[in-house]
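Here is a short note on the aromatic rings in this model. Please read the points with the structure open.

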Amino acid sequence: MLKGKTALVTGSTSGIGLGIAKALARQGANIVLNGFGDVDGPKAEVAALGAQVAYHGADMSKPADIEDMMKFAAAQFGRVDILVNNAGIQHVANVEDFPVEKWDAIIAINLSSAFHASRLALPAMKAANWGRIINVASVHGLVGSAQKSAYVAAKHGIVGLTKVTALENATTGVTCNAICPGWVLTPLVQKQVDAKAVAHGWSNEEATRQLLGEKEPSMQFTTPEELGDLAVFFCSAAGNNIRGVAWNMDGGWAAQ
Ligand code: NAD
């Protein structure tokens, strides 16, 4: 379905980003990976699906790096047709204790990076009259949770950015939508499970059960594969007129 198209997924060396990159690769898209940590493993996983794959190590907190990455992607594959703004980090603390540098980093990586990548991707998408911008927000783009001020602010912000990007391109073939996952068991969430286990003296299983029980009625994690399939749906012809939605896949979290 996506043969000949190129997808750039930020923060795709791990977790949800890698799941989305693999789902798009299965549909035939060329993939540009980005993110920290092991690169060879994720590259091999995507290449094994038959996709052409490239990698750029832009630090998404740095606008100049993002510019360099967008130029690199265009040089590799012609242009970016599908942009998935996914890179993100978390830090948990009350507002009065929240480290200022963590606030700045979360706003830069979880929110501003999507603005920069989108502004750089849009001209070529508009010229081709086809494009998909998929912002990985969170259920925290729809509701709040204590101790996550920067994350919740950034995710509400990205839902707003999604709506405006969709509106500005509403008469074109370029759509912009957000995906809002509840809990997904990735390194980002395992850290929160570990913190609960240490704080309460719980086992990993008990800490996981408590974490799900607090928020997610289904008592099950959403998977990167399920999120990848939603991204593929947005890229399909059925997604041609889906514009500016914040689609939660959260086990009922936001329905409460
Ligand atoms: P993860 O830690 O597994 O992956 C994060 C990715 O972002 C990694 O590839 C990492 O290298 C990359 N990254 C981090 N900082 C970066 C930077 N400065 N520059 C470039 N890359 C950077 O986390 P995840 O859970 O897969 O999170 C992916 C996205 O999904 C995030 O935006 C997160 O907020 C969102 N999300 C996650 C959950 C969840 O439960 N895991 C729920 C809702 C939303």
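1. A charge sits over a ring if NZ of Lys or CZ of Arg is within 6 Å of the ring centre and within 35 degrees of the ring normal. In this predicted model, lysine 5 lies over the face of tryptophan 130, and the distance to the ring centre is 4.4 Å.

2. A pair of aromatic rings is described by the distance of the centres and the angle of the planes. The structure holds four aromatic pairs. One of them joins phenylalanine 233 and phenylalanine 234: the centres are 6.4 Å apart and the planes stand at 40°, so this pair is tilted.

3. Phenylalanine 233 has a relative accessible area of 32% and is partly exposed. Phenylalanine 234, at 1% relative accessibility, counts as buried.

4. Phenylalanine 233 also pairs with tryptophan 247, in an edge-to-face arrangement with 6.0 Å from centre to centre and 75° between the planes. Which parts does this pair tie together? Phenylalanine 233 belongs to helix 8 (residues 224–235) and tryptophan 247 to strand 7 (residues 246–249), so the pair links parts that are 14 residues apart in sequence.

5. Tryptophan 247 is partly exposed, with 35% relative accessible area. Together, Phe233, Phe234 and Trp247 make up one aromatic cluster.

Key:
Residues numbered from 1 in each chain as written. Predicted model: local features only at pLDDT ≥ 70, side-chain atom pairs only at ≥ 80, totals over all residues. Heavy atoms only, no water. Phe/Tyr/Trp six-rings, centres within 6.5 Å; stacked < 30°, edge-to-face > 60°. Buried < 20%, exposed > 50% of the residue type's maximum accessible area, 1.4 Å probe, protein only. Helix = DSSP H or I, 4+ residues; strand = E, 2+ residues; numbered from the N terminus.
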